[in-house]
Structures are given as C-alpha cells and as structure tokens.
Amino acid sequence: MEAKELRIGNYCKEITHSKNVVVKVSKRHFEDIEDNQIDLFPIPLTEEWLLRFKEVEKKVFDSEETGYGVEYHIKINENLIINIQDDMSFCLESISDDSKYVYLENDFLDTVHFLQNIYNVLTKGKELTIK
C-alpha cells in the first residue's frame, strides 16, 4: 500500500516474522513506509470486520413485505446513513426520505481502511471505533 491511501488510525495488515498482524496506522508507519522499512496490506472488508465497529447496525430483512437479505447501516448524521449490502456494495441513503439514494462511482467497499476513510470524510473527522 502507498502512504497516500492511509490516514493515522486506519487498520491494515503488516507481515511480521511471517505472521499477518493487524496494526493501527501511526506516524511511525508513515515514516517506515517512506524509508521502505515495512509493507502494509489492506484488510478485506467482511461482515466480521463490519460488526467490530460499534457504529455499524446489522439489519436482517426476512419477509415478503421488506424483502430478504442483510444490510449494515452506519449513521452519519440525523439525515444520512451509509447503507452497505451483504455483497459490500453501498450507497448513501437519506433517513428522512426513503426515495433518496446516492450511489457513488466506486460503489463497493472492499477494504477496512476505505470504509474508515469514507466515514471520516462524511462525519468531518470522526473515527469508527472498535467495540
């Protein structure tokens, strides 16, 4: 991974002594990347990772009226959520008006740090927190 993809606080993998170790990126990691001392790798976004964050709410739909499937909601503010489907496709959804969705060009959240970065931008600096 390149340093420009990361922010302090992002979770990623570092291979240390032939083991994958999850690390929370710090200033030291940026310095080590610049000096080619370490390689960091993205963590694939999975249901397990989504549910580690206390801001994520799992919604299960199991009826003819609401449909079938799973969604994960992350509240941004009183009017907006990130709606993530079980295939990790996502959109921004208005809470106040069910008919308003915003789909983004890159509509799949494939890594943990990508989700963290989107959340940080949309909430003007807040961080997702591990339970």
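Let's start at Trp-49, where Arg-52 lies over the face of the ring, at 4.1 Å from the ring centre. A charge counts as sitting over a ring if NZ of Lys or CZ of Arg is within 6 Å of the ring centre and within 35 degrees of the ring normal. Before I go on, a word on the source: this is a predicted model, where local features need pLDDT of at least 70 and side-chain atom pairs count only at pLDDT 80 or more, while totals for chains, interfaces and linings use all residues. Residues are numbered from 1 along each chain as its sequence is written, and side-chain values use heavy atoms, with hydrogens and water left out.

Now, how many aromatic pairs does a search of the whole structure find? Two. Rings of Phe, Tyr and Trp (for Trp, its six-membered ring) pair if their centres lie within 6.5 Å; planes under 30 degrees apart count as stacked, over 60 as edge-to-face and the rest as tilted. Take Tyr-11 and Trp-49: the ring centres are 5.8 Å apart and the planes are at 45°, so this pair is tilted. The pair links distant parts of the chain, with Tyr-11 in strand 1 and Trp-49 in helix 2 (residues 47–50), 38 residues apart. Helices (H or I, at least four residues) and strands (E, at least two) are DSSP runs, numbered from the N terminus.

Trp-49 also forms a tilted pair with Phe-53, at 6.1 Å centre to centre and 45° between the planes. Together, ring pairs link Tyr-11, Trp-49 and Phe-53 into a cluster. Are Tyr-11 and Trp-49 buried or exposed? Both are buried, and buried means under 20% relative accessible area, exposed over 50%, partly exposed in between (1.4 Å probe, protein chains only). Trp-49 has a relative accessible area of 7%, and Phe-53 is at 0%.

Staying with strand 1 (residues 11–16), let's look at Glu-14. Glu-14 is buried yet has no salt bridge, and the nearest side chain of opposite charge, Arg-28, is 4.5 Å away. Here a salt bridge is a side-chain nitrogen of Lys or Arg within 4 Å of a carboxyl oxygen of Asp or Glu. For charge, Lys and Arg count as positive and Asp and Glu as negative; His and the chain ends are not counted. Not counting residues up to four places away in sequence, Glu-14 touches several residues, among them Lys-19, His-29 and Asp-39. Contact means heavy atoms within 4.5 Å.

On to helix 3. Eight of its eleven residues are buried, so helix 3 is largely enclosed by the rest of the structure. Those buried residues pack against strand 1, helix 2, strand 5 (67–77), strand 6 (80–85) and strand 7 (90–94). One of them is Ile-118, with a relative accessible area of 15%. Beyond its neighbours within four places in sequence, Ile-118 is in contact with Ile-82, Phe-90 and Leu-109.

What about the two ends of the helix? Thr-111 lies in the loop between strand 8 (101–102) and helix 3 (112–122), and at 11% relative accessibility it counts as buried. The side chain of Thr-111 makes a polar contact with that of His-113 (3.3 Å). A polar contact is a pair of N or O atoms within 3.5 Å; within protein, one must be able to donate a hydrogen and the other to accept it, and residues adjacent in sequence count only if both atoms are side-chain atoms. Just after helix 3, Lys-124 takes a positive phi of about 60°.
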